[in-house]
Amino acid sequence: MSSSGIMGEIEKVLEEAEGIKESSEWIFLIQDKVIESYLKGKKDLLRKLMMSDEIFWIGIGGSSSGPKAISEIFGLGIKFFESPEEKKELCELMKKSKRPTLYIVSKSGETFETLILSKTAEKIAKRKKAVSFLGITANKDSPISNLVIRNRGELIDFPPNLSGRFSTFFILYPVLMRYRNILKIMKSNLDNVRRRIFDKESLHFKLARFIIENQDKQEIFLCFYSKDLVKLSENFCQLIAESLGKDGKGLTPVALLGPHFQHSVAQLILANPKGKCAVFIFRSGAERDLMREKEATLRAFSERIPVLELEIRSKGEIFSLIFQFQIAIAVAGKIMGINPFDQPEVKRIRDLIWGGRVLR
């Protein structure tokens, strides 16, 4: 398929997505609009969020990697808990916090790690006053929803068609109600992307084309030239791996912070370029010497492997970058002939964890 042909295919997929976004997995294209309509009139929810001392976010994978990066980049101070090994830390912080909000995110409502941590926090909450429970799940009769209800918390419906790893802005929206200036920046950036959805010079067109052209490669190196931007690496790696790893297809994502990798992984890439490609992600106006290193590495890489540059102009455009990454991965998956929104193999691990049991 020629580059011009790929661009036409991308445009075609986006046109189809626009027509079914309200009733399909493409609902992620309007996820902030959906949650905004959900929260109309929920003054109690806003009051709890504004009164809370701290927010303890219990979730896993797609329900935390994006919001966690945004929290760190913008200094929101949310504390994230994703692994059973964090039970002790969660208990200690809850005991110290005067008015915490427990924000529990699990689309299925049965995610093992989320449930284990939530039940641990519930035990502490019973001995404390002023603990607010907020839950977001698609299952109204799940262990998670029942836990929130018995603690007189607030539940938000997770749209059944919305994939967890594509839900960053949906699940982050309620928290940003207490950070109105950041919420405004997020909404503005998402609207800007939607206005340019068919712009072939946009980042999502360029990234989708690059992935499609290099789908036969084995590894895609994400080279971040910013300590802020590299915080997005977990989210981007998950989007690539879990969305495109289907039917014997998929690129293995490897995230790197330049210039560190120039003295480690760069040696491997340049000495053994077979099956590799790279995306350089940076912010314009960055420190001059850092950009000098980026340009030198980019030049060396481009002589051996396919490379792509993704540039943003401001800190606020991080929201655009995340959104366009989601769009590019979804579009690339469709053109590659796979479903980018499911994760059938992950269910095998979940089944082995539970062993047929459900913990309520």
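This is a predicted model: local features need pLDDT of at least 70, side-chain atom pairs count only at pLDDT 80 or more; totals for chains, interfaces and linings use all residues.

Asp247 is found in the loop between α11 (233–244) and β7 (252–257); helices (H or I, at least four residues) and strands (E, at least two) are DSSP runs, numbered from the N terminus. The phi of Asp247 is near 50°, a positive value in a residue other than glycine. Most residues other than glycine have a negative phi. At 68% relative accessibility, Asp247 counts as exposed, where exposed means over 50% relative accessible area, buried under 20%, and partly exposed in between (1.4 Å probe, protein chains only).

Residues are numbered from 1 along each chain as its sequence is written, and side-chain values use heavy atoms, with hydrogens and water left out.

A positive phi of about 60° is also found at Ala130, which is not a glycine. Ala130 lies in the loop between α6 (112–125) and β4, and with a relative accessible area of 48% it is partly exposed.

Let me turn to charged pairs. Side chains of opposite charge can pair when their charged atoms come close. A salt bridge here is a side-chain nitrogen of Lys or Arg within 4 Å of a carboxyl oxygen of Asp or Glu. How many salt bridges does this rule give? The count comes to 21.

One of them joins Glu11 to Lys200, with the closest N and O atoms 3.7 Å apart. This pair links distant parts of the chain, 189 residues apart: Glu11 is in helix α1 (residues 3–20), and Lys200 is in the loop between α9 (180–195) and α10 (203–213). Glu11 is partly exposed, at 24% relative accessibility, and Lys200 is partly exposed at 35%.

Another salt bridge is formed by Lys79 and Glu54, whose closest N and O atoms are 2.7 Å apart. Lys79 lies in strand β2 (residues 79–81) and Glu54 in strand β1 (residues 54–58), so the pair ties together parts that are 25 residues apart in sequence. Lys79 counts as partly exposed, at 27% relative accessibility.

There is also a network of salt bridges, which links Asp32, Lys33, Asp191 and Arg194.

Finally, I come to helix α13. This helix (residues 288–302) has 15 residues and reaches 21 Å from its first C-alpha to its last, close to the 21 Å expected at 1.5 Å a residue; the expected span is 1.5 Å times one less than the number of residues. Which residues of α13 are buried? They are Leu290, Met291, Lys294, Thr297, Leu298 and Phe301. Seen down the axis of α13, these buried residues fall within an arc of 125°, so they line one face of the helix; the arc is that of the directions from the helix axis to the C-beta atoms. The face turned away from the buried side of α13 carries the exposed residues Arg288, Arg292 and Arg299. At the N-terminal end, Glu287 caps α13, with a side-chain oxygen 2.8 Å from the backbone nitrogen of Asp289.

Notes. A polar contact is a pair of N or O atoms within 3.5 Å; within protein, one must be able to donate a hydrogen and the other to accept it, and residues adjacent in sequence count only if both atoms are side-chain atoms.
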